[in-house]
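Please look over the model shown here before reading on.

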Amino acid sequence: VSDRRRQDALVREYLRRLGWELREMGYGERDQLMAEITDHIALAREELENPSDEEVAALLDRMGTPEEVAAEASKLSPRAGGGTALDGGFEALGLPADLGTAAAPETAAPSVGGEQELRAVSLLLAGGLLLGVGWVFGVVLLWRSTVFSTRDKVLGTAVLPGGVLPAVYVLIRPFGQGALLHLLELAVCMALPIGTSVFLHRRLRAMQVASGFEVFRARRAAHAAERARNEMGLG
Amino acid sequence: MDHGLTDLVGRMRRSALEYCALGLLREEEWAGFDLVRALAGDDGIAEREGTVYPVLAQMRRDGLVTTTWREVAPGRSYRYYGITEEGCAVLDAFVAEWLAFRTRVDAYLGTQAT
């Protein structure tokens, strides 16, 4: 592997981590910030002639860690997308309220295709209706995923096994005890699997956005948009 | 221990960052890369280059600075930062406050420039 390619990988890794750290930011703001930092690094690299790996690493060090940049960004703009009713729901279950936003392990930010993960989430939700078999397939797919973190997998598996199946059971069961209790039971059995699906889906989306290709695409789009604005004299 | 001095200096530098940027931009427009280089680094007011960009973005949202794309070479465009009228007004207000603050602290410390 040539120096250049190895250093490209260093920079890509930095940007990927930055994208991941900024995942809770509004799309437009994040895209623009990613674009500016991507350009800054590219220009800084151009100043160096045949840089060593150490020089490129020092250059990235001068940028600050992705965590430092993200901390500055989050201080300034209100975090978009965070703090939904869902987070409150997790809190009620005794899980951390910032489950969706808490720092995930570094290994949880791979490049994301997502088809397998979407299938897993769908099966976990509704697969139970196929005599429970679909749900088992969903669990297998979930655990085979290289995208979801272990925490996501535990959550997807443990929060109401069977997806909406228990809700169906509660629905068709005769009203024994008080009707209110029955309704409450139904609500919980519906909310848990649907909430988990929504949560996993959001995680997937955030990771897709954070992965390299999306960053690159978003960066080009942000450039084009700003250029267009300037040409219209609105800059 | 330094009685929180490192922390204090960090916060003072961070608080002054916006105004230092406005000070530079009052004279002329700057390419984003050069502006960030001037503001960060060993002799800069900010410690890390990357952390300046979110601050500039916020200043843009607050209407203190504007950005325009300029083609500096065929097929090569840089984003240039400029100051707005509001940015100038904010800077003027800060300069007045800063001079008064500096004079007052100097008087206590006996550190007036002679």
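Predicted model: local features only at pLDDT ≥ 70, side-chain atom pairs only at ≥ 80, totals over all residues.

Residues are numbered from 1 along each chain as its sequence is written, chains are lettered from A and ligands numbered from 1 in the order in which they are written, and side-chain values use heavy atoms, with hydrogens and water left out.

**Nonpolar cores**

A nonpolar core is here a set of buried Ala, Val, Leu, Ile, Met, Phe, Trp, Tyr and Cys residues joined through side-chain atoms within 4.5 Å; buried means under 20% relative accessible area, exposed over 50%, and partly exposed in between, with a 1.4 Å probe and protein chains only. The largest such core has 39 residues, and those with the most contacts inside it are A:Tyr14, A:Leu22, A:Ile37, A:Ile41, B:Leu56 and B:Met59. At least two residues of this core come from each of α1 (3-21), α2 (27-47), α3 (53-63) and α4 (66-76) of chain A and α1 (5-27), α2 (32-39) and α3 (52-61) of chain B, where helices (H or I, at least four residues) and strands (E, at least two) are DSSP runs numbered from the N terminus. The most is given by α2(A), with six residues. Apart from this core lies another, of 13 residues, including A:Trp135 and A:Phe148.

Contact means heavy atoms within 4.5 Å; leaving aside neighbours within four places in sequence, A:Tyr14 has among its contacts A:Ile37, A:Ile41, A:Leu60 and A:Val69.

**The sheet of chain B**

Three strands of chain B form an open antiparallel sheet in the order β1-β3-β2, two strands being paired if DSSP finds at least two bridges between them. The edge strands, each pairing on one side only, are β1 (30-31) and β2 (65-73) of chain B. Eight antiparallel bridges join β2(B) to β3 (residues 76-83) of chain B, and B:Glu71 stands opposite B:Ser77 in β3(B).

| Helix | Strands touched | Angle with β3(B) |
|---|---|---|
| α2(A) | β2 and β3 of chain B | about 115° |
| α1(B) | β1, β2 and β3 of chain B | about 105° |

A:Glu29, in helix α2 of chain A, counts as partly exposed because its relative accessibility is 28%. B:Glu18, in helix α1 of chain B, is buried because its relative accessible area is 19%, and, not counting residues up to four places away in sequence, B:Glu18 touches B:Val55 and B:Met59.

Definitions and conventions:
Axes fitted to C-alpha atoms, helices over the stretch in contact; angles between N-to-C directions.
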